Amino acid sequence: DPAIVFDLGGKFDKSFNESAFNGATRWAEETGGTFAEVELQSDAQREQALRRFAESGANPIVMAGFSFATPLGDVAGDYPDTKFVIIDAVVDAPNVQSIVFNEEQGSYLVGMMAAMASETGTVSFVGGMDIPLIRKFACGYAQGAKAANPDVTIIANMTGTTPAAWNDPVKGTELVLAQKSQGSDVVFQAAGGTGVGVLQAAADNDMLGIGVDANQNYMHPGSVLTSMLKRVDNAVYNSFIAGEAVEPGIQALGLEQEGVGYAMDEFNAELVSADMQAAVDAAAEQIIAGDITVHDYMSDESCPALSF
Amino acid sequence: MDLLTLLQLLDSTLRLATPLLLACLAGLFSERAGIFDIGLEGKMLAAAFLSAAIAAVTGSVWLGLLAGIFASLLLSAIHGLASITFRGNQLISGVAINFLAAGLTVVIAQSWFAEGGRTPQLAGAARFNPITLPGAEALRDVPVLGPIYYELISGHTIIVYLALLIVPITAWVLFSTRFGLRLRAVGENPAAVDTAGISVVGMRFAAVAICGVLCGIAGAYLATALQAGFTKDMSAGRGYIALAALIFAKWRPVYCLWACLLFGFLQAIALRSDLIERVLQFNIQSQLLDALPYILTVVILAGFVGKAIPPRAGGEPYVKER
Amino acid sequence: MTAPAIELKGISKAFGPVQANKDISIRVMPGTIHGIIGENGAGKSTLMSILYGFYKADKGEIFIGGTKTDIPDSQAAIAAGIGMVFQHFKLVENFTVLENIILGAEDSGLLRPSLSRARRELKALADEYELNVDPDAIVEDIGVGMQQRVEILKALYRQADILILDEPTGVLTPAEADHLFRILENLRREGKTIILITHKLREIMDITDTVSVMRRGEMTATVKTVDTSPQELAELMVGRKVLLRVEKAPARPGDVILDVQNLNVTDAKGVHRVKGISFNVRAGEILGIAGVAGNGQSELLEVLGGYEKASGKIIVNGTPIDLTGQKSDGQSRRRRGIAHVPEDRQAEGLIMDYAAWENTAFGYHHDARYRNGLFMNNAAILQDTTEKMERFDVRPPDPKLAAKNFSGGNQQKIVLAREIERNPDLLLIGQPTRGVDIGAIEFIHQQIVALRDQGKAILLVSVELEEILALSDRIAVMFDGHIMGERDPAQTDEKELGLLMAGMTGNPSQVSVKDIEENLAHAGTGKV
Amino acid sequence: MDVMPKWAEVILVPLISLLLAAVLSALVILAIGENPWDALKLMVDGALGSTYGWGYTLYYATNFIFTGLAVAIAFHARMFNIGGEGQAVLGGLGVALVCLYIPFPHWSLALITASVGAALFGAAWAFIPAILQAKRGSHIVITTIMFNFIAAALLNYLLVGALKPAGSMEPATGKFPETTHLPSFQDMFSFGEATLFRGAPANISFFVAIAACIALWALIWRTRLGYEIRAYGHSESAAKYAGISPTKIIVVSLLISGGLAGMMAINNVQGEAERLVLNAVEGAGFIGIAVALMGRSHPLGVFLAAILFGFLYQGGAELALWTSIPRELIVVIQALVILFTGALDNMVRMPLERFFLSRRKPPKPDAKSTPAVGTN
Ligand SMILES: Nc1ncnc2c1ncn2[C@@H]1O[C@H](COP(=O)(O)OP(=O)(O)OP(=O)(O)O)[C@@H](O)[C@H]1O
Ligand SMILES: Nc1ncnc2c1ncn2[C@@H]1O[C@H](COP(=O)(O)OP(=O)(O)OP(=O)(O)O)[C@@H](O)[C@H]1O
Ligand SMILES: [Mg+2]
Ligand SMILES: [Mg+2]
């Protein structure tokens, strides 16, 4: 049986982990299979969980989150017959598949939408922990916003520098309020549990929020402009489908592979005009076609559209 | 820094100071009666959880508030039992209560809502919503005073105003009523209270109960006003900061207000590192800002900023017969 | 026949394994002063605390004015018209006098009306009984004598008909005590009933109508005061014939061992406790320091013992010792030949949870013979302890028993054995017989005199004037941090010493109580 | 006179307290709809049923021995060091600096140097609260709590800044070099075919912890310093009389305490993670309180209590892995243990005392007392 290890936020974090969980349950429902799962409660458990699953014969073992990179590096060699899939990080081992996403592309699209929806000409971003991965989101977002409106002002804040930043809704709220006072009326969050507070604050203060990872439009209907989808669910689903045959190596999922995108549904239909949607879709095609390249912050740790 | 930014900062200060203030006053009642309480944190956390849970289930924030107070009172009762009835070590009891709350909230939340130790998001009547004070809209455009009234004074949840109101009430109760006299006396010399024909146990339990109620309100504020639901460990050390503020305030109600506003301000400014950079022209590490309340407390405790003398019988169980 | 104001029947009370009161019965008639006398630890305070509802008796009944009354707490006692002044005052130190008076007797939920009524009544009471106090003074700022007044006023304010005073004179100068007794006589005249606890025979003889004697938790006798004598009371207290005098030969003083010059001590709170005193003690003599508790004697001992800082000069055996606390501490004082029997053996002289053998090394644990490299030489200490316990007749002679399990007298013997057996040049000894029965007192006094006769210098501090008079070769009286004067015990008496203790010199007959009061209040002596 | 025999005080009271904590924990498990008996079986199986389980149990126990001893030695001086958490954080920093910046030829040298580094850093972190307590009377409990927060902020600052390898996303140092890696139980106890303790993090630090227990026992009960520490803990006024400097005792005992807490880092940082991560301490500093309370501050008691908590931790992790009982249940149990053995112990002691008092033989007639003379 396959197994999945969720990161600290837990499988009901309404974003990253939940998306992974959805992928796994979709596989279970469709195939009737069963999978083992565990929600981590501390950093120290990572290695333990991986070993326990490997010992129990689970295969493949999927883990959601870059924090698994180091423990997986230690563990993978001890279980050469077990396949591991790590999402959001790259681990170089013969039995590991690394799945990464081109978040900058999805962020670019929602950045465009933000700039177009903004009445004040100022849009903002709230990140969780200040790490290159999150800067990648912010950078893509800023590029998109600038593309839609070259005069746009972009405010970007990070919640913190430690994993606690993923779970600090109070601070998320305060950051939104600060951004509002600086004129922002659309805010994109890539902040895990903190993001819940961000969207809540946006809804409470007549701003538009933008969700992340999973489709979060439903959380505050009419107040969430869209969500930057990161199809972790697909990644998990595909790995489970492939089973023991998952291919080692690196997989990068972008717009082309439908690994990222933006969400439209009944909850945000009224917020997104046909013009907006058309512009965004056009940009998406251009990105896929290679006519637009969105700069990836992690490639050189710098961002043309935003300074941190 | 323009007025509006400043107001926004102060506004945020007030919001963040409110739970500190409530917990600080809670600690004041308890410690003035001679019962040290490092369990403020745990009580707040328990209250945050139960208030959010009940508000989520019933849809009524007021029921949530009551439930929060109830949860906090329950822990107060344990603290009272340990430190008053069984004359145990108050510090150890407080430590135990903090752990109990940290563990139980998540265990119960997980088994109740199965959302990873969280409660569902609260909305509408299940939360305390900001109130616009009369005339705020109308006066909004009056220069200077208008924005101050509209941005800073108006637009908070009822608990913020309640917390501010409790400060003078506390001062009045403590220094102008019979109850206050006895409460202070029992924290200074319980034997004097006992021989004056007043029940030491009764007074101390009363104080601990008041502490429970106030912590309950503080916790409910966290989960149903500041936030829209409970998350694991959401009290995030506020109980300890409140304790620090209490020492800073030398166990006096009005000083508590200032101390909590100061610590609230530090928290608010830590969220706005951009402002610091803009005003001071250099960057202050956010970690330093986070640690500042704690560092300040140590400095105060060291007696470099005037000695803080706790109630004399504080921390000691009242033992009549060995 | 009128009913007794108080009748206790069959009162028993145990604190864990300690039977503090055993089946005690007592009757006190209204309008009388009833004395209760007994050794330390006899159970006097316990009995009265039961009457006042502070402790609950295990067995027994209480009748007030002839009716059986339940006194589960002090509230009930107050309601029954009982007031009590405890041995250790029960005042809130940082409250004002007025606040202390109304505490528990407030008229209403708000303080203000209570305070103004209390202020009026306090004035009336003060005038009536000559009990002047400043209602707005903070209690910790006023002297012990004043604090005692506050306690009495508290009882009177609650309209007590029965007043219990637990060892009220322990903290008073003789003149203040006389004043207190006049007040008590006034109260008796008004028909109030008074119970006076003391272990001073003279006070009993002077003022009481009847007297009960307690020993080891039991009531051994109740007699009319006129029908008894101090000698008989002493026997009743101890259970056998006692010698009330110490036999000693005249001193043969030698060289100056301890020379104190212009010593000043300021305590942790910044209060100036010892104010520039100078004196010396010679080999082969006992210098007694008399004074009311809290006048700087304790601090003097602490400085000499090496655990408080001071300024001035202390010369021992010709070499000055460091007073800054930098180069010299209790350890080095011991090495210099200074031994110290502290005033409070339970809080200072012993670790109550340590076994007797561990206590024998206490303070001397760095001695070469108790040491084994980094480790302690437990075998040697044990051996030493066994020998010491035998020589000092410590009972039970079990070195492994924890100090807390010995009785007061035997605890004191353990301390004495440790300090005297060191063969010191100078022995500092504070309150040597506090809480010790008369049998042991004899023994201890003999040991002290014997040490003197071996040519050692002894500095004795005691609040018991009788003890000072009996042991000392010279007497210095301390008041408010000063030495008021030195007297030859053969040429002085308690009256003169009492006056010095109140800070006055001159002819005793010309000094009024008022002067003494003012003097003492001014001194602000603080601690009990 | 002691009311209770010593064995009752030392064994019976903590045991009954523990039992109460266990019963309440079972009720909690029952209340969330799980079977406490099954949970216990799962815990026992997961923690003690294999060398792998033991490897984790003893790993956790090693942490708790260090922090438990730290709290215990402070308790002997009647100081409540609740700063074990922060001191262990700093200990980790010491280990990391030693391991990262000193090239070692062999792990044994690395272990010795890292132990010293950990102890020094931990002790240094205890020093300021200690000196403030000794010289200025600042309450050690409050200052050490504050220092826990400050330590967290400091480590955070270093791990997102100076100590983080470039390009890394995690707030953590890089891997320590190979020569600093400690032998794990797997390395030490696998013979030929049989691989014992596979993958479990228990390592040679466990034996260092045992050595620390013995050393601390000797220190407390055999040396003059221990004598002074205990004397001060029993009575400050008496200690002053005996010429024992309170400042010295407070500072020295807290330095030892902080050093022990810091030394935990050789287990979790050097032995297990082999790099320094945020929150490596995982609350072990606080568990130390429960361990010291249960172990009655005696090194042997601490050792046994640490094993028990190691079992709870590993068993709890297994529970969390295989059932829907969250790991926080362990925090609940920990809280109950602290509550019953620390704060509510009189609840157990009082009735026991009454029981033993009632069973006592009536005292022998006192040799000194004579029949009462004349009553009225
Ligand atoms: N609160 C208490 N708890 C335990 N034991 C006590 C308590 N109070 C007194 N005792 C013990 O009870 C016995 C009687 O004490 P009590 O204070 O009544 O004596 P006393 O006659 O007043 O002595 P003193 O002259 O010293 O005041 C003593 O052995 C004492 O140690
Ligand atoms: N507070 C206390 N707690 C426990 N036991 C006590 C306490 N006070 C006294 N005891 C015990 O009570 C017994 C009597 O003590 P106490 O000091 O009253 O003796 P005593 O009769 O005055 O003897 P001595 O003449 O030697 O002073 C002792 O054996 C002692 O163990
Ligand atoms: Mg007494
Ligand atoms: Mg005695």
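Start by selecting G38(C), which sits in strand β3 (residues 33-38) of chain C; strands here are DSSP E runs of at least two residues and helices are H or I runs of at least four, numbered from the N terminus. G38(C) counts as buried because its relative accessibility is 0%, where buried means under 20% relative accessible area, exposed over 50% and partly exposed in between (1.4 Å probe, protein chains only). Now show what it touches: leaving out residues up to four places away in sequence, G38(C) meets K44(C), T198(C), H199(C), M214(C) and M237(C), with contact meaning heavy atoms within 4.5 Å. For a sense of scale, pick D480(C) too: its C-alpha is 31 Å from that of G38(C), and the two are 442 residues apart in sequence.

A quick word on what you have open: this is a predicted model, where local features need pLDDT of at least 70 and side-chain atom pairs count only at pLDDT 80 or more, while totals for chains, interfaces and linings use all residues. Residues are numbered from 1 along each chain as its sequence is written, chains are lettered from A and ligands numbered from 1 in the order in which they are written, and side-chain values use heavy atoms, without hydrogens and water.

Stay in chain C and go to L51(C). Together with L184(C), it has the most contacts inside the largest nonpolar core, a set of 362 residues; such a core is made of buried Ala, Val, Leu, Ile, Met, Phe, Trp, Tyr and Cys residues joined through side-chain atoms within 4.5 Å. Helix α3(D) gives the most to this core, 16 residues. Beyond four places in sequence, the contacts of L51(C) include I6(C), I62(C), I164(C) and I195(C). A second, separate core has 94 residues, among them L50(A), A145(A), F188(A) and V260(A).

Next, charged pairs. Over all chains there are 56 salt bridges, each a side-chain nitrogen of Lys or Arg within 4 Å of a carboxyl oxygen of Asp or Glu. Select R188(C) and E185(C), which pair at 4.0 Å, N to O. They are about one helical turn apart, because three residues separate them in helix α6 (residues 174-189) of chain C.

Then try D384(C) and R369(C), bridged at 3.2 Å, N to O. D384(C) is in helix α13 (residues 378-391) of chain C and R369(C) in the loop between α12 (356-360) and β17 (371-372), so the pair ties together parts 15 residues apart in sequence.

Hop to chain D for R349(D) and E9(D), whose closest N and O atoms are 2.9 Å apart.

Last stop: show chains D and A together. Their contact takes 26 residues from chain D and 30 from chain A. Three salt bridges cross this interface, one of them between R52(A) and E318(D), at 2.4 Å between the closest N and O atoms. On the side of chain D that touches chain A, α3 (51-76), α6 (140-160) and α13 (299-322) of chain D each supply at least two residues, and α13(D) has the largest share, six residues.
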